[in-house]
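Let's take a walk through this model together, one neighbourhood at a time. Have the viewer open and follow along.

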Amino acid sequence: MSLLHRTSGPLTRELLLQPSGFGLGQLPARLKPEATTRTVCGYCSTGCNLNVHLQDGQAVSLSPTTEYPVNLGMACPKGWEALTVLDAPDRATTPLLRDANSKLQPTSWRTGVMTFVERFKAIQEKHGKESVAFISTGQIPTEEMAFLGALAKFGMGIKHGDGNTRQCMATAVVAYKQAFGFDAPPYTYQDFEESDVIVLVGSNLCLAHPIMWERVMRNPHRPEIIVVDPRMTETAMAATQHLPLAPKSDLDLFYGIARILIERDWLDDRFIAEHTTGFDEFRQFVQAYSIEHVTIATGLSKEVIERFAQTIHEGKRVSFWWTMGVNQSHQGVRTAQALINLALMTGNIGKPGTGANSITGQCNAMGSRLFSNTTSLLGGHDFANAAHREKVATTLGIDPSVIPTEASWSYHEILEGVLRGKIKGLWVICTNPAHSWINQSHCREILERLDFLVVQDMYSTTETAREADLVLPAAGWGEKDGSFINSERRIGVIKKVKKAPGQALSDFAIFRSIAEAWGCGAMFRDWTSPSAVFEIMKKLSRGQPCDITGIRDYAHVEAEGGIQWPLSEADVSATLQAQRRLFADGRFYHADGRAKFLFEVPRPIPEGPSDRFPFVLLTGRGTASQWHTQTRTSKSDVLRKLYPARVYVEINLADARRSGIKSGDRVRVTSQRGNLEATAFVTPTLQRGQVFIPMHYEECNRLTDAVFDPYSKQPSYKACAVALTTLGGASLQPTRSA
Ligand SMILES: Nc1nc2c(c(=O)[nH]1)N[C@H]1C(S)=C(S)[C@@H](COP(=O)(O)OP(=O)(O)OC[C@H]3O[C@@H](n4cnc5c(=O)[nH]c(N)nc54)[C@H](O)[C@@H]3O)O[C@H]1N2
Ligand SMILES: Nc1nc2c(c(=O)[nH]1)N[C@H]1C(S)=C(S)[C@@H](COP(=O)(O)OP(=O)(O)OC[C@H]3O[C@@H](n4cnc5c(=O)[nH]c(N)nc54)[C@H](O)[C@@H]3O)O[C@H]1N2
Ligand code: SF4
Ligand SMILES: [Mo]
């Protein structure tokens, strides 16, 4: 464990102070900072705090904040390098408009915004208001998300707008809403240190959330760490139990575990009776999940499964955590709920070191869940609820009739809308679908069909910006103000510490000028600055489970080291606890105050391996130094040294040996949708019949299969069938089918 900690863990303060580190020690004298300010990191949902050192008001270096309850002086390589990537030569510095020769040419902001308004209005006039849609993000401040959602839906009459959080968090949102009555991850990071059993499902915490992993490493209770993941990930290597189950067999496994807990009477009967509904039906349902059934479905041995159940029973404080291995599945919602069920039936919720805990991905996915105005109405409200619409309208001083009466189409429904000729104009903000969306060539074909595509991004070279008719240059993290909400519901403040290059503007400023040019500026008279919008958000949250009316302002948030929601006016007491969790009183958000047991018969993987495509492809994060589609992380010299430059495919040792494939050989990976050429990386960490490709490489999503969870509409990125061939055309066969 300690070796792993060193090799893949973050760079700590100690390293900073060493002469060879990246920190202050190596700065030339003329760059010694004059002042220091603080901001929250703009990559992952951990929400580490960084001290940014300034000279002439501009950032010159940074170091992790010691006295912040999230990261305690630690940061991962992306955080350390966050400033470097802002200076890249491909930053979008002026608006770009496609000319008659189909070339993107620089233009003025005035022309850019006027063209935006003219083209989208013309489309709406010809094809109806709903023919323009937007796709947004979990990576801009909450104030900007709220502005975008309100401007698009109430000001511009857009009905359909979704976020890249659909690719990521939609499953957890639906699972929580159905089970608890509100989208409410219950935990606080301190729980990583207080559990004696930590169950990580489909989460490679060690590299996707390195500082959360550091919190696990600080746990003084010598916890059992159980990793449920088909791959022997970095996290699994450091675990005490690894369950390398067959992909997407989690549901069978957890129903089987529930059955064992019931059979052996390892339940918290009182909690079940007082705080839940649906347990008797669930008890009946899981009878079908005998250990024999579960061993066949998962490929795990009886002993491994029983030991897992026994460890849950023996744990005094058991926490269940999940990430994309659960959410990105054709049955993600029910899988997340199967974990929630395990926590409920053993009473592992609402107490220190417990919980059914979805770990978020992007820095502000949680802000998007509450305030993006896509699936839920601003402030975690419901579009379909007339009282909610009335409340939001009154708070904003707008006519309730401008608020749509139903939630937007989901991401893939919007893309299908393009195919059906229903959507003609699309505005893409802070996301890169031409790289990250599932079944990429289809996605690109769809984008090409649009009459008008606007991309608002920091860089002009992203795969999506290259397809755009109009590129709007955006300031990024570090170049603007606002707030984020991290995985444990903690609101943190981000600050402008650097001037954006050229004419790039904050997304906030872009939304303001579009509102004016569109003719709905009056609706946003009070939306003058991020802090003004924070006040509006507070009002919108009043009376909701995410009530934040007790937060005074950004200064209050900073003084407390971030503040977790909820904090209503009534909650503000003399001392605010730095670590707060939900459901300590056993009351959930459904009208009866109880949590629900939810379950359903598992379904097979839509595209299992076949004779033609005999391998299962898994995808996900590759290293702690790569971020998604790499628009940012590829701009750092330091980060680029920490990962392979070109796409690679991990192949099981026995499978590779059988075909004489060695690490470094070039192979072709083909699915029904496309193919790519990659370098083979032969490894014992994969099971036979499975291969893995990191999502950071542009080619990865040529292969993936557009399959969705029926409730959350989240794409299932982590299971499709592929064939492997040498470049000479010889096909590889697994030593055993997957
Ligand atoms: N360095 C880095 N960190 C990141 C990001 C990044 O791009 N780079 N992105 C951030 C974002 S937005 C997100 S959403 C998170 C994602 O964080 P994670 O979800 O931890 O990362 P992934 O690698 O996508 O997937 C986790 C694991 O799911 C496993 N898996 C695949 N199929 C199954 C299955 O059927 N069952 C189970 N139990 N496991 C399965 C995969 O083998 C993989 O190891 O990371 C965040 N942090
Ligand atoms: N095969 C496969 N595909 C996946 C996944 C997987 O596991 N496997 N994971 C999925 C998941 S969980 C996620 S979250 C998505 C992520 O997919 P994307 O959202 O497409 O990935 P990013 O690279 O983060 O894209 C963010 C874009 O916003 C820009 N940007 C950054 N900051 C700002 C800003 O402040 N303002 C503006 N306007 N632009 C900005 C960046 O330059 C970048 O182009 O990928 C999904 N795709
Ligand atoms: S762990 Fe996440 S929040 Fe912390 S420094 Fe790394 S990327 Fe930033
Ligand atoms: Mo994500």
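Start with Glu194, which counts as buried because its relative accessibility is 19% and the cut-off for buried is under 20%. Keep in mind as you look that this is a predicted model. Glu194 has a salt-bridge partner, Arg317, with the closest N and O atoms 3.3 Å apart. This pair links distant parts of the chain: Glu194 belongs to helix α7, while Arg317 sits in the loop between α15 (302-314) and β12, 123 residues apart. Arg317 comes out as partly exposed, with a relative accessibility of 32%.

Now step back one residue to Glu193. Its side chain meets that of Arg218 in a salt bridge, at 2.9 Å from N to O. Here too distant parts of the chain are linked, since Glu193 is in helix α7 (residues 190-194) and Arg218 is in the loop between α9 (210-217) and β9, 25 residues apart.

Next, move on to strand β8 (residues 197-201). Why call this strand largely enclosed by the rest of the structure? Because 5 of its 5 residues are buried. Both faces are covered: Val197, Val199 and Val201 are buried on one side, and Ile198 and Leu200 are buried on the other. As for pairing, β8 runs parallel to strand β9 (residues 224-228), and 5 bridges join the two. If you want a landmark there, Val201 has Val228 as its bridge partner in β9. β8 also pairs with strand β12 (residues 318-322), again in the parallel sense and over 5 bridges. In that pairing, look for Val197 and its bridge partner in β12, Val318.

Another one is formed by Lys480 and Asp507, whose closest N and O atoms are 2.7 Å apart. Lys480 lies in the loop between β16 (470-473) and β17 (482-485) and Asp507 in helix α23 (residues 507-518), so the pair ties together parts that are 27 residues apart in sequence. Both Lys480 and Asp507 are buried. Elsewhere on the list, Glu130, Lys159 and Glu406 are joined into one network by salt bridges that share partners.

What comes nearest among the 34 residues around ligand 2? Those are Gln139, Asn164, Ser436, Asp457 and Thr629. The shell divides into 12 nonpolar, 17 polar and 5 charged residues. Two strands, β15 (452-457) and β21 (615-620), each supply at least two residues of that shell.

For the polar contacts, zoom in on individual atoms. A polar side-chain atom of Asn701 is 2.8 Å from a nitrogen atom of ligand 2. His628 has a side-chain N or O atom 2.9 Å from an oxygen atom of ligand 2. With Ala475 it's the backbone that takes part: one of its backbone N or O atoms lies 3.4 Å from an oxygen atom of ligand 2. On its own, ligand 2 exposes 920 Å², and the protein buries 99% of that.

How values were computed. Residues are numbered from 1 along each chain as its sequence is written. Chains are lettered from A and ligands numbered from 1 in the order in which they are written. This is a predicted model: local features need pLDDT of at least 70, side-chain atom pairs count only at pLDDT 80 or more; totals for chains, interfaces and linings use all residues. Side-chain values use heavy atoms; hydrogens and water are left out. A residue is near a molecule or strand if one of its heavy atoms lies within 4 Å of it. A polar contact is a pair of N or O atoms within 3.5 Å; within protein, one must be able to donate a hydrogen and the other to accept it, and residues adjacent in sequence count only if both atoms are side-chain atoms. Accessible areas come from the Shrake-Rupley method with a 1.4 Å probe; for residues, only the protein chains shown count as cover. Helices (H or I, at least four residues) and strands (E, at least two) are DSSP runs, numbered from the N terminus. Ala, Val, Leu, Ile, Met, Phe, Trp, Tyr, Cys and Pro count as nonpolar, Asp, Glu, Lys and Arg as charged, and the others, Gly among them, as polar. Buried means under 20% relative accessible area, exposed over 50%, partly exposed in between (1.4 Å probe, protein chains only). Two strands pair if DSSP finds at least two bridges between them. A salt bridge is a side-chain nitrogen of Lys or Arg within 4 Å of a carboxyl oxygen of Asp or Glu.
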